[in-house]
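Hi,

Here is the structure I promised to pass on.

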Amino acid sequence: MYVSMEKMLQKANEDNYAVMAINCFNLESAYATISAAEEKKAPIIIDLLMEHLEKHIPREYVLPSLIKMAKDANVEVAINLDHGKSPEYVKESLKEGFSSVMIDASEMNFKENVATTKEIVNLAKQYQATVEAEVGNMGAVVGDHFTNADMYTNPDDAIKFINATNVNALAISFGSTHGVMPKDFVPVFDFTIVSKIKKATGIPLVLHGGSGCGEKNIRQAVACGINKVNVGSDVMKAQADAVYISQNKNRNMEYVDLMNSTLIPAKEMVEYYINIVGSEGKSLANK
């Protein structure tokens, strides 16, 4: 069931839960993610990061296989270009068959962000595709560039942005950070940012950098109006840990078996997050 994010996020918005968006960059991680969604009868979003597509397997090779995988799934699956920082790359991704795209012009000034996003929103209508954008800025654990208060989304700016662009969903910054959090570290969220934007606009809002944010933070974020939660690092760490364990047990394990050893831990991590955000059983195919 290959779909755009629009209807699944609208339903999540109406019923006050969130849909998980899992960063994948190969067939194995996508297969584990969709398997978890099918197990939980939950809609799911496959996020393909522009940076990953440029560094690893190119878009034109990985996307057709994932579209086939999505069409064969018995739950709704959207494939979303994550953090598309190049407008031209985003435009080409729509032509290549992405059902959803994120245009991330958050590093531009407000006026440029609005103009760039509006252009993509207008183009996406031709493809019946969903558009996500970003106002504010999430930091990264890599290099210790954690999100700080100065990087939080200004709610008034976000409200103006939504009204000016008619974007389908907006990623906002209110305390999360991209990457694997240090052990026992839990970020502090400013939920008033979410609540104010939600009350004024009513559109689906997005939490990026969900890995390591803590179950309590995520549940409260969803209660305040977050309808899409992005997680990548926790799933990839579960896979990396599985490789480490397998290699320590049997250094001469065949590579195909090594890859297979990562599927169950990835699937379990996706299921864990589906439980937190409340999307279990929410697939329309389950009705």
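Predicted model: local features only at pLDDT ≥ 70, side-chain atom pairs only at ≥ 80, totals over all residues.

**Notes on the barrel and a helix pair**

Numbering starts from 1 along each chain as its sequence is written, and side-chain values use heavy atoms, with hydrogens and water left out.

That bridge belongs to the β3/β4 pair, two parallel strands joined by three bridges. Strands here are DSSP E runs of at least two residues and helices are H or I runs of at least four, numbered from the N terminus; two strands pair if DSSP finds at least two bridges between them.

On its other partner, β4 (residues 100-103) runs parallel to β5 (residues 130-135), again over three bridges. Ser-100 is bridged to Thr-130 of β5, and Val-101 to Val-131 of β5. From β4 the chain goes through helix α6 (residues 110-124) to reach β5, in a right-handed β-α-β crossover (with the strands pointing away from the viewer, the path from the first strand over the helix to the second runs clockwise). β3, α5 and β4 also form a right-handed β-α-β unit.

Which residues of β4 are buried on each side? Ser-100 and Met-102 are on one side, Val-101 and Ile-103 on the other, and all are buried (under 20% relative accessible area, 1.4 Å probe, protein chains only; exposed is over 50%, partly exposed in between).

Zooming out, the strands make a closed barrel of eight, in the order β1-β2-β3-β4-β5-β7-β9-β10, with parallel pairing. From one strand to the next, the twist averages 25°.

Then the helix pair. The axes of α2 (residues 27-40) and α12 (residues 263-277) come within 8 Å and cross at roughly 45°; axes are lines fitted to C-alpha atoms, for helices over the stretch in contact, with angles from 0 to 180 degrees between N-to-C directions. α2 and α12 are therefore oblique to each other, since angles under 35 degrees count as roughly parallel, over 145 as roughly antiparallel, 65 to 115 as roughly perpendicular and the rest as oblique.

Cheers
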